[in-house]
Amino acid sequence: MKQIVILGSTGSIGTSSLDVIARLGPGYRVLGLSANNNTDLFLKQVHQFEPRFAAVMNPDSYEKIKDQMPEGTRLLPPEIDSLCFMASLPSADLVINGVVGAVGFQPLVAAIKASKTVALANKEPMVMAGKTLMKECERWKAAILPVDSEPSAIFQCLAGMANEHTYNNISRDISKVFLTASGGPFAKRRGALSTVTPQEALKHPRWKMGKKITIDSATLMNKGFEAIEIMNLFNLPEEKVQIVIHPQSIIHSAVEFNDGAILAQMGEPDMRVPIQYAITYPKRLPGSVKKLNLFEAAKLEFMEPDLNRFPCLELALAAARQGGIFPAVLSTADEIAVAAFLNEKIKFTEIAKLVYAVLKAAPQTPGHATLNQALEADRWAREKAEEILQNKSFRKVII
Ligand code: MG
């Protein structure tokens, strides 16, 4: 029996995870669920799966649902410690971290320090302090199984070769990783992107995902985050990561080995495949997703990304090169910028400008960010981004 904790159960990853678990049937049990404020869906999930522990982060949501728990489910207080508690439960065999943004950082650290296996969809912590987190995994014998489709594709191509406590041993066998990107809704669009509305940016051509990641896909910031994530996770230098725009999203990423052989992971774009692989790993059990028809897929295209048109990708790669707290600042500044765009406070093209303005104000620190430095950088960048948003100085930024 695999006992599973899901953080972020009402989000896109959380609902797909529960769908997978329900279909897998006996042998997989939900031990804990957490959400932010989607109380209607959360209550439904709690009554269907009857976890031993439940938590909502929003205090109003807590008040609303506190008397509606099934017998046998304990509702924890609405605070980050409750997520950390669930992430480190002795009986948890797997922690699925599907929350969005820096809020997933502390629960991830708690899970690692409790030597847990974490199915990680929440990429921000791996961007903020991935090198340090991987060192902690090695130290505590914790494991990170990537859930995001592209890092999972790479992980699947490495099946049998990886020691998931470090992944260090495999990087020397890899000559290149092809990190694929659909290119988002504007890959083939001509003309200025400054007039793009949130509604247009939220229409992703291939993947159905949460709002933050869908906007990040439209700016290509998401691919920059994934590049940093896989460099940290698989211990790869930047030269070994080749970003490829592949609009059909059939190849979810590929690995070229030293002997010239390339292994690619393919399939219909459906998050339930990488989620199920992380849940059943190292087994492959029957799934419920549509199988790929090669004759229908027929034509696969590959293009280089246009860094001038999508400066967020360049900002991400530059932040990775600079190291220190820059990736953490990048991640948090983007969180604020995307929220501002969704609230129609800034234009689509100003997301990059705001992020750049915050990065320019950040102090250089040597080496890789420690856990504390990353958390401090998150606080600092949050304040700085709000300040720059208020005084509108980002408008003058030229990238
Ligand atoms: Mg992805």
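The legends below describe close-up views of one predicted model. Residues are numbered from 1 along each chain as its sequence is written, and side-chain values use heavy atoms, with hydrogens and water left out. Because the model is predicted, local features need pLDDT of at least 70 and side-chain atom pairs count only at pLDDT 80 or more, while totals for chains, interfaces and linings use all residues.

**View 1. Strand β8 and its two partners.** Strand β8 covers residues 174-181, and six of its eight residues are buried, so the strand is largely enclosed by the rest of the structure. Here buried means under 20% relative accessible area, exposed over 50%, and partly exposed in between, with a 1.4 Å probe and protein chains only. Helices (H or I, at least four residues) and strands (E, at least two) are DSSP runs, numbered from the N terminus, and two strands pair if DSSP finds at least two bridges between them. With strand β10 (residues 251-257), β8 pairs in the antiparallel sense over four bridges, and K176 has E256 of β10 as its bridge partner. With strand β9 (residues 241-245), β8 pairs in the parallel sense over five bridges, where F178 stands opposite Q242.

**View 2. The magnesium ion.** D148 (OD), E150 (OE) and E226 (OE) coordinate the magnesium ion at 2.0 to 2.4 Å; donors are N, O and S atoms within 2.8 Å of the metal (3.2 Å for Na, K and Ca), and since water is not among the atoms, sites may look incomplete. D148 lies in the loop between β7 (143-146) and α7 (149-157), whereas E226 lies in helix α11 (residues 221-233), so this pair ties together parts that are 78 residues apart in sequence. Both D148 and E226 are buried.

**View 3. R23 in helix α1.** R23 has its place in helix α1 (residues 12-24), and with 54% relative accessibility it counts as exposed. Leaving aside neighbours within four places in sequence, R23 is in contact (heavy atoms within 4.5 Å) with R272 and S288. The C-alpha atoms of R23 and V196, which are 173 residues apart along the chain, are separated by 39 Å.

**View 4. Helix α12.** Seven of the nine residues of helix α12 (residues 272-280) are buried, so this helix is largely enclosed by the rest of the structure. Among the buried residues of α12 are P274, Y277 and T280.
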